[in-house]
Amino acid sequence: MRTPGRQDGDEAELIDRSRKGDSQAFGVLVERYQRRVVGVALAVVHNQDDAIELAQETFVRAFENLSKFESRSSFSTWLYRIAANLAIDFWRREGRHVVLHGEDADEEISRLPSSRGDSFNEASRSELSARLKQALEELTPEHRAVILLREVEGMSYDEISEVLQCPRGTVMSRLHYARTHLRNILKDVAGS
Amino acid sequence: MAECGEISMMLGAFEDSELEPNEMQEVAFHLARCESCTGILGDYSTLGRNLRSIAPEPKLAGFSSAVVARVERLPQPVLTRIERWLRRQADSVGSGIAWSGAVAAVAVATIILMTPYAEQFANRGPHSTTSIAETGHEAATAANQVAQATASEPTMADNDSHADISRLESENHSVAVWSEPRRGTTVIWLPDQP
């Protein structure tokens with residue numbers, strides 16, 4: 001996966017060609033960033049079908065507004081910001097609370113190595129998975145986005161700050177809140 | 001030693017390696033002596049692994065082609081389309097050829113604009129073959145004058161009429177032929193058939 005940053009020569013050329021209306025060049029950029037753009041949208045709306053639709057819209061909006069993109073900033077961050085804005089707007093408009101579709105999640109969790117002394121060890125793994133999904137649903141989109149962008153997408157605090165357009169300190173406090181909240185819920189599962 | 005409450009605020013950032021070096025050191029020092037905070041840190045780590053494990057892998061088959069198809073269907077303003085077409089042409093054929101095209105376009109435009117003058121110039125020749133049958137009032141007046149009075153005269157300039165007749169030429173007295181350089185025409189006058 002590419003890490004966000006200033007674009008290399010190849011990317012700058014692809015962007016330039018896309019600006020001139022070359023849809024095939026833009027298709028290469030789509031291939032390059034589609035997974036993470038979907039990931040950003042998914043972090044907010046928490047529904048795969050909606051996330052994919054929003055990611056498509058993100059790329060279309062990006063194509064339409066390429067003339068406004070300033071090459072000084074990172075193209076990927078610019079894309080993720082569009083995706084996050086669209087997803088947050090969508091979530092606020094729709095107000096949906098849809099259960100995350102992760103067919104293989106239980107199986108994946110059962111394969112996790114157990115770590116002695118963890119509160120999670122005592123909880124049944126399928127229950128843990130279900131509770132974790134539910135706990136994520138209980139978070140606000142802002143808190144969910146921050147923790148999923150960090151833990152799943154592996155973004156740095158600065159990147160999250162840029163994508164969600166909030167100060168780094170806000171990213172840290174939201175992360176702290178989200179982690180504490182999820183941990184408490186999972187401790188309850190472990191204790192029950 | 002720092003209090004647990006103060007350190008717990010930094011545990012997540014410590015796990016993410018997002019603290020300043022001196023803060024990293026401070027938290028590490030605390031963790032070496034605090035089981036409670038070490039347990040919380042372990043929970044955060046496990047939480048991260050669990051979150052990654054339940055994250056669905058997006059189904060991206062056909063995603064990029066769908067985006068490209070949507071992009072290609074986008075309506076574009078005419079000016080944008082022209083601009084993009086010109087840019088593509090300039091890029092693909094090179095600026096030299098583009099300039100040649102521009103020069104050729106200017107040349108064609110010049111020829112089109114200059115054609116009436118070119119015809120006028122040609123009409124000044126001794127035996128112009130370009131003729132325009134003209135039935136307007138001015139031409140008819142001039143033709144009558146010419147036919148009645150001076151059909152055999154080689155040249156004439158009629159200053160009263162707007163027709164600037166410079167030359168008359170016809171072997172048949174019932175037909176008047178003259179050129180009008182100012183109008184860039186040659187007029188052939190024929191009497192009405194009985």
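Predicted model: local features only at pLDDT ≥ 70, side-chain atom pairs only at ≥ 80, totals over all residues.
**View 1. Chain A is a chain of 9 helices and 0 strands.** Helices (H or I, at least four residues) and strands (E, at least two) are DSSP runs, numbered from the N terminus. Of the 192 residues in chain A, 41% are buried, meaning that 20 or more other C-beta atoms, placed from the backbone, lie within 10 Å of the residue's own. Among contacts in chain A with a separation of 6 or more, 70% join residues 24 or more positions apart; a contact needs C-beta atoms, placed from the backbone, within 7 Å.

**View 2. A:Ala41 sits in helix α2 of chain A.** Leaving aside residues up to four places away in sequence, A:Ala41 touches A:Ala51, A:Leu54, A:Ala55, A:Ala83 and A:Ala87. A:Phe90 is 49 residues away along the chain, with 9.8 Å between its C-alpha atom and that of A:Ala41.

**View 3. The largest nonpolar core has 63 residues.** Such a core is a set of buried Ala, Val, Leu, Ile, Met, Phe, Trp, Tyr and Cys residues joined through C-beta atoms within 7 Å. A:Val40, A:Ala41, A:Ala83 and A:Ala87 have the most contacts inside it, and α2(A) gives the most to this core, with 12 residues. Partners of A:Val40, not counting residues up to four places away in sequence, include A:Tyr80, A:Leu149 and A:Val163.

**View 4. Chain A meets chain B through 47 residues of chain A and 34 residues of chain B.** On the side of chain A that touches chain B, α2(A) gives the most, with 9 residues. That side of chain A divides into 23 nonpolar, 13 polar and 11 charged residues. Ala, Val, Leu, Ile, Met, Phe, Trp, Tyr, Cys and Pro count as nonpolar, Asp, Glu, Lys and Arg as charged, and the others, Gly among them, as polar.

Methods: Residues numbered from 1 in each chain as written. Chains lettered and ligands numbered in written order. Contact = placed C-beta atoms within 7 Å. Buried ≥ 20, exposed ≤ 12 C-beta atoms within 10 Å, placed from the backbone.
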